[in-house]
Amino acid sequence: MSEAEVLALPVSVPLELANRALGIGRTRGYQWAKEGTYPIQVLRHGVAYRCRRADILTYLGMAEPAESAVR
């Protein structure tokens with residue numbers, strides 16, 4: 001996933017998209033999420049796993065894009 005694609009992610013993403021951004025395979029990502037050893041915090045919503053964009057950016061050493069000033 002390119003830097004621009006990662007920066008364009010929504011605030012919360014499904015685990016599969018987080019896996020792509022972090023370069024983790026699908027099977028290993030779900031295994032780590034279930035074990036609680038995923039490299040970033042995983043949020044559980046019912047049966048779905050989600051991750052925050054801010055956590056992905058922090059893990060990758062990237063900064064949040066600056067918000068444009070509202071005038």
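Arg-26 is exposed, with a relative accessible area of 52% (exposed means over 50%, buried under 20%, and partly exposed in between, using a 1.4 Å probe and protein chains only). The model is predicted, so local features need pLDDT of at least 70 and side-chain atom pairs count only at pLDDT 80 or more, while totals for chains, interfaces and linings use all residues. Residues are numbered from 1 along each chain as its sequence is written, and side-chain values use heavy atoms, with hydrogens and water left out.

Across the whole structure, a search finds 2 salt bridges (a side-chain nitrogen of Lys or Arg within 4 Å of a carboxyl oxygen of Asp or Glu). Arg-26 pairs with Glu-16, and their closest N and O atoms are 3.1 Å apart. Arg-26 belongs to helix α3 (residues 26-35) and Glu-16 to helix α2 (residues 15-22), so the bridge ties together parts 10 residues apart in sequence. Helices (H or I, at least four residues) and strands (E, at least two) are DSSP runs, numbered from the N terminus. Glu-16 is partly exposed, at 40% relative accessibility. Arg-52 and Asp-55 also form a salt bridge, at 3.0 Å from N to O. Arg-52 is partly exposed, with a relative accessible area of 32%.

Helix α2 has a buried side. Its buried residues are Leu-15, Ala-18, Asn-19, Ala-21 and Leu-22. They cover an arc of only 165° around the axis, which puts them on the same side of α2 (the arc is that of the directions from the helix axis to the C-beta atoms). Just after α2, Gly-23 takes a positive phi of about 75°.

The largest nonpolar core has 15 residues (buried Ala, Val, Leu, Ile, Met, Phe, Trp, Tyr and Cys residues joined through side-chain atoms within 4.5 Å). Helix α2 gives the most to this core, with 4 residues. Tyr-38, Cys-51 and Ile-56 have the most contacts inside the core (contact means heavy atoms within 4.5 Å). Not counting residues up to four places away in sequence, Tyr-38 touches residues including Leu-15, Trp-32 and Cys-51.

Three strands form an open sheet in the order β1-β3-β2, with antiparallel pairing (two strands pair if DSSP finds at least two bridges between them). Strands β1 and β2 (43-45) stand at the edges with a single partner each, so one side of each is left without a neighbour in the sheet. Strands β2 and β3 pair over 3 bridges. Arg-44 stands opposite Tyr-49 in β3.
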